[in-house]
Amino acid sequence: GKKGTGEEEEERAAKKSKLQDAFNATYKKLFAKHFCGGGKIALEDVRARLNMWAKSLKATVRRTPRRISLSELSPVLASYTCQPVDLWPTVEENISGDVSGGGEKEPGKSNSSAAALAAQKAAIIAHDAANVDDGAFAAVEIPGQYEDLATKPSSELKTRLLKFAPVVQIEERGDELVRRIGMQGSDGVTHFFTLHACTAAVINDEVGGEELSHFLNRTLNTDLNCLKRQLSFVPRSVAPLSQRMMLREEAPLFRRLTEVENLEAWVRSTLGTPEQIFTFRKTFARTLAALVLKNFALAASQSEIVFDSNGIVTSLSFNPNYSLAGLLEDVDMQIEVGVRTFLGELMIQGVMVPALATMASALDKSRALIEPALDLFLTENLVDWHASKSGSKTDLDRKKAVKALHTRVAGNKSLVQERIAKLSLKDGGGEIDRAAGEFCGEYLK
């Protein structure tokens, strides 16, 4: 159950007392006797003791357990449960009612279509029943299931959250401790998300970047060459929780390129057969080309690049880089050393370069189609960047910024389109353009 106000205050007081007991003696030893007692201390000594204090705090943070029971962190989440509804009896009833409930069978309506319609009816009934306010937990969907913008969403058919994983994993990334929580869905899969504390501008960058990836994928799916090569961007689910906190889809099987000293050795020790290694390399080169194209076109940094055991490459952050004037500027596009050796010239020239040129060509041919989406993304992104620098927060300030930054948005949009056209096939097909090959050569130095 939920704790009362008195219990929460007692718990905070206990945590405060524990923290004071842990650091009070060290603080008095380093600083208090000099400042509170009227003593003098040189500036260099203050700096040295602050560094000692920082090291002590970091050491304490590093001692944080890497696996914590969810019941200790949040008893409410640990107690959440939502049992799936058995749809089969309702499906059988609907099928039998449609087939033998009087009247002739509709022309052109097969048993499979009747079963599909019956399943949808059963799901709607279960959806309505699960959201009845009877004192139990309401049904909650797993985040990130509304990527298909072309069709009307059917919430009753989405994967539901049954319960949270009992253990929360904690990872140290720089100066930040990131918590990963698992959500067990009705599809039988545990979906993992990491919790991040960040600014509103970063959250908008992430959400806008993923929405743009979904839109661009719809464009790529209309191109025959992209379909043949199975080319698409790799979006990830991002769920804002508040103005300064978000959930980001991130499975434990993701590995950072910076953490793997020898990618070739890691792949050979992880994967068994030569066929698996070849498939891994091919997928790695294809998805890396998609990531490079997106980051190059939108001037996003190449930080936090990760890959999974299938060779799918993606990035854990998306942050376009702006100059002081609010214009997109170049960033360092070179990737970690060792990727070129791992891929080899066969995969670079045979997979990565053609994939890069083919995707760029498809987007360049659909310039008129993607222009409104680019304009919307670049406008929102630049306004958020401007707000983070100027401190404007109201809707009126935002409307004024949209009008004032119109010229810069137009310039950024032209730059993005020029970069896409630069890597596309100039002859409309046939020989791979030299620009894509030269770009990959510089990128994989």
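The largest nonpolar core of this predicted model comprises 69 residues, among which Phe-284, Leu-288, Phe-307, Leu-343 and Met-352 have the most contacts inside it. A nonpolar core is here a set of buried Ala, Val, Leu, Ile, Met, Phe, Trp, Tyr and Cys residues joined through side-chain atoms within 4.5 Å, buried meaning under 20% relative accessible area with a 1.4 Å probe and protein chains only. Two or more residues are given to this core by each of α7 (200–220), α9, α10, β9 (305–307), α11 (339–365), α12 (367–390), α14 (406–423) and α15 (434–443); helices (H or I, at least four residues) and strands (E, at least two) are DSSP runs numbered from the N terminus. Helix α11 supplies the largest share, 15 residues.

Beyond its neighbours within four places in sequence, Leu-288 is in contact (heavy atoms within 4.5 Å) with Val-313, Ile-335, Val-339, Leu-343, Met-352 and Tyr-443. A second, separate core of 13 residues includes Ile-142, Ile-181, Phe-193 and Leu-247.

Helices α9 (residues 263–270) and α10 (residues 274–297) pack with their axes 10 Å apart and at an angle of about 135 degrees. Axes are lines fitted to C-alpha atoms over the stretch in contact, and angles run from 0 to 180 degrees between N-to-C directions. Leu-263, Glu-264, Trp-266, Val-267 and Arg-268 of α9 make the contact with Ile-277, Phe-280, Arg-281 and Phe-284 of α10.

Residues are numbered from 1 along each chain as its sequence is written, and side-chain values use heavy atoms, without hydrogens and water. Local features need pLDDT of at least 70 and side-chain atom pairs count only at pLDDT 80 or more, whereas totals for chains, interfaces and linings use all residues.

How values were computed: Buried means under 20% relative accessible area, exposed over 50%, partly exposed in between (1.4 Å probe, protein chains only).
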